[in-house]
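Here is a short report on a protein model. It covers a loop residue, a disulfide and a pair of helices.

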Amino acid sequence: MTASSTRRTTAMRSRTAAVGAIAVAGALLLAGCGDQTGNDGGDSSSESANSAPLFSKLPKAIQDAGVIKVGTNAEYAPMESVENGKIVGVDPDIADALAKQLGVKFTFTSGSFDGLITAVNSGRYDIAMSSITDNKQRQEGLDDSGKKLGEGVDFVDYFVAGTAIYVKKGNPEGVNGIEDLCGKTAAVQRGTTYEEALKDQSKKCTDGGKKAIDIESFENDTEAQTRVKSGGAVAGINDYPVALDLSRKADNGNAFEVVGEQYDAGPFGIVLSKKNTELRDVLKEAVDAIIADGSYQKVLEKWGAESGAIDKSAINGGK
């Protein structure tokens with residue numbers, strides 16, 4: 001999710017998005033990341049391992065396995081979601097393009113968002129791709145106060161997104177920005193950067209003599225959306241491309257609308273263990289390669305996510 005101290009405040013699950021410092025520290029149990037849906041992203045790669053341009057630069061273990069195991073939380077259309085039992089979206093399609101450069105498959109497994117970083121550091125997944133915002137807190141394994149809690153992770157940045165506010169169609173409460181949520185109820189997915197954004201804004205509310213935001217945090221984003229749709233919360237917070245897609249498609253565009261502009265834009269990154277520098281570096285090369293050959297742009301155009309395009313990848317480019 002979206003940049004803040006969102007994956008999922010970038011855009012972002014961000015999703016802009018955060019796996020919070022608790023997840024970064026590995027305090028959440030791996031059981032919370034139990035498999036929900038499996039999918040072989042990258043099986044569209046037709047190149048043999050020996051002929052793929054960057055295969056020789058992969059770690060030997062990945063070459064031998066022929067697979068990069070990917071953790072995700074497939075609840076963030078258009079970035080990643082489940083359709084007909086298959087994980088689809090921007091991230092799986094980018095992985096397909098990367099597969100052609102690397103000569104190996106990307107196999108996606110969906111689990112809890114707030115357990116993804118823990119699962120990468122434990123070795124359960126080689127990487128995580130789930131609209132996860134690259135920020136210093138996650139890189140260094142820090143809590144909100146800057147205290148070191150555990151292992152950090154590395155990021156290979158491939159997209160940029162900001163945080164957005166969505167409300168019921170017609171905006172009955174007249175919400176125009178996050179500052180309008182003082183004294184009101186807002187729904188959000190637990191462990192995301194936009195949950196932290198709401199906490200930050202709530203403090204600003206009380207510091208200014210207004211009532212705090214009543215923040216309702218849910219295990220998954222679908223529950224947060226349902227809360228807004230029912231009127232139990234006046235607004236939901238999500239990555240901009242996710243909120244925009246929701247406003248276009250939910251109930252044929254009649255359920256929600258996005259208010260204001262996206263803010264706190266920051267990079268989404270592929271998450272890796274800090275010990276996995278060889279894979280990290282070749283993934284950066286692969287991202288730059290698909291940007292150069294145009295396949296990256298085609299993926300974004302397919303999903304209406306062109307606003308998140310970058311010109312060049314970076315390692316740990318988030319702040």
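A polar contact is a pair of N or O atoms within 3.5 Å; within protein, one atom must be able to donate a hydrogen and the other to accept it. The model shown is predicted.

**A loop asparagine**

Asn 220 sits in the loop between strand S10 (214-218) and helix H7 (221-230).

| Side chain | Backbone nitrogen | Distance |
|---|---|---|
| Asn 220 | Thr 222 | 3.2 Å |
| Asn 220 | Glu 223 | 3.0 Å |

Leaving aside residues up to four places away in sequence, Asn 220 touches Glu 75 and Gln 189.

**The disulfide**

The model has one disulfide. Cys 182 is joined to Cys 205, with an S to S distance of 1.9 Å. The link is left-handed, at -80° about the S-S bond. Distant parts of the chain are linked, with the two cysteines 23 residues apart. Cys 182 lies in the loop between strand S8 (153-168) and strand S9 (185-189). Cys 205 belongs to helix H6 (residues 193-207).

**Two helices in contact**

Helix H3 (residues 90-102) and helix H10 (residues 295-303) have axes that come within 10 Å and cross at roughly 160°. H3 is therefore roughly antiparallel to H10. Their crossing is right-handed. H3 contributes Val 90, Asp 93, Ile 94 and Ala 97 to the contact. H10 contributes Ser 295, Tyr 296, Val 299, Leu 300, Lys 302 and Trp 303. By class, the contact of H3 with H10 has seven nonpolar, one polar and two charged residues.

Definitions and conventions. Residues are numbered from 1 along each chain as its sequence is written. This is a predicted model: local features need pLDDT of at least 70, side-chain atom pairs count only at pLDDT 80 or more; totals for chains, interfaces and linings use all residues. Side-chain values use heavy atoms; hydrogens and water are left out. Axes are lines fitted to C-alpha atoms, for helices over the stretch in contact, and angles run from 0 to 180 degrees between N-to-C directions. Helices (H or I, at least four residues) and strands (E, at least two) are DSSP runs, numbered from the N terminus. Angles under 35 degrees count as roughly parallel, over 145 as roughly antiparallel, 65 to 115 as roughly perpendicular and the rest as oblique. A crossing is left-handed if the near helix is turned anticlockwise from the far one by less than a right angle, and right-handed if clockwise. Contact means heavy atoms within 4.5 Å. Ala, Val, Leu, Ile, Met, Phe, Trp, Tyr, Cys and Pro count as nonpolar, Asp, Glu, Lys and Arg as charged, and the others, Gly among them, as polar. A disulfide is a pair of cysteine sulfur atoms within 2.5 Å.
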